[in-house]
Amino acid sequence: MTERRPRYRLTFACPDRVGIVAAVSGFLAEHGGSITEASQHCDAASGWFFMRCEIDAATLPFDRDGLQQHFAPVAEAHGMRWQVTDNITPRRVVPLVSRLDHCLTDLLYRWRSGELPAEIPCVLSNHEDLRAYVEWHGIPYHHIPVDPDHKAAAFARVSELIDQARADTVVLARYMQILPPEVCARYPGRILNIHHSFLPSFVGAKPYHRAFERGVKLIGATCHYVTDQLDEGPIIEQDVVRVHHDDTVDDLIRLGRDVERTVLARGLRYHLEDRVLIHGNKTIVFD
């Protein structure tokens, strides 16, 4: 793969007013910074402004910490919620999985091929089914069974392992357990989930069978951030595929798993590249 040129990523949200872009671009120009990519959005309903820009690191006279230090007065003057990251330091991603393997295998393929800019320090699961496959990749596999009568202990162990792995991001790759509110609150904006988009029409077991019986024409998937409100966190990415009248239940399941894989991969990439800005229960995604 082509070596990536070091870039800093500046993302921020602030109340909208005249002169924000000029202040940011003027600051960078003053220090010789070259903007290689920029996206912006003004939300008229809330009156907030959002921006993401990438800067060629070699054109600035300071490192990432120096950029944060020098930019702080600009951010303070405009009331920004902001951060500076880079494209060189890989994020540490910990997947959680149960028995279904399609999302995890896709992520591990993308990771192994270098397509996914991340490190995977371990995989956590409430079942043993995928241990051999994960360990074949040289990744530690931790089995944390979830006893219905002792869930608190199980999720305390999950949090402990996530912290030990120094995870930046947690991905529920078809993890079939509901995270308790205290776990959701511990990692705000850092847990991603994927599920079919039949909700709320077809909840519970065998949604594809029920959708088939209903004669649905579209199958979709939703990638979103996890909050203590089940499946109601800010949406990052969605997609659909069309269902034909001669498709079987097995066809629906196959199509559904395909779209789950691609939607999760795109949502995770947007997150890792700092293209997602959360605002309330919505997101601004600079794809």
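Tutor: Start with Arg131, which counts as partly exposed because its relative accessibility is 24%; buried means under 20% relative accessible area, exposed over 50%, and partly exposed in between, with a 1.4 Å probe and protein chains only.

Student: Before we go on, what sort of model is this?

Tutor: This is a predicted model, where local features need pLDDT of at least 70, side-chain atom pairs count only at pLDDT 80 or more, and totals for chains, interfaces and linings use all residues. Residues are numbered from 1 along each chain as its sequence is written, and side-chain values use heavy atoms, with hydrogens and water left out.

Student: OK, which residue forms a salt bridge with Arg131?

Tutor: Glu128, with the closest N and O atoms 2.6 Å apart. A salt bridge here is a side-chain nitrogen of Lys or Arg within 4 Å of a carboxyl oxygen of Asp or Glu. Glu128 is partly exposed, at a relative accessible area of 38%.

Student: Is Asp56 buried or exposed?

Tutor: Buried, with a relative accessible area of 8%.

Student: Switching to aromatics. How many pairs are there?

Tutor: The count is three aromatic pairs, where rings of Phe, Tyr and Trp (its six-membered ring) pair if their centres lie within 6.5 Å; planes under 30 degrees apart count as stacked, over 60 as edge-to-face and the rest as tilted. Among them is the tilted pair of Phe12 and Phe49, at 6.2 Å centre to centre and 35 degrees between the planes. Phe12 sits in strand 1 (residues 7-15) and Phe49 in strand 3 (residues 48-56), 37 residues apart.

Student: Are those two buried or exposed?

Tutor: Phe12 counts as buried at 1% relative accessibility, and Phe49 counts as buried at 6%.

Student: What about Phe71 and Trp82?

Tutor: They form an edge-to-face pair, 5.3 Å centre to centre with 65 degrees between the planes. Phe27, Phe71 and Trp82 form one aromatic cluster.

Technical notes: Helix = DSSP H or I, 4+ residues; strand = E, 2+ residues; numbered from the N terminus.
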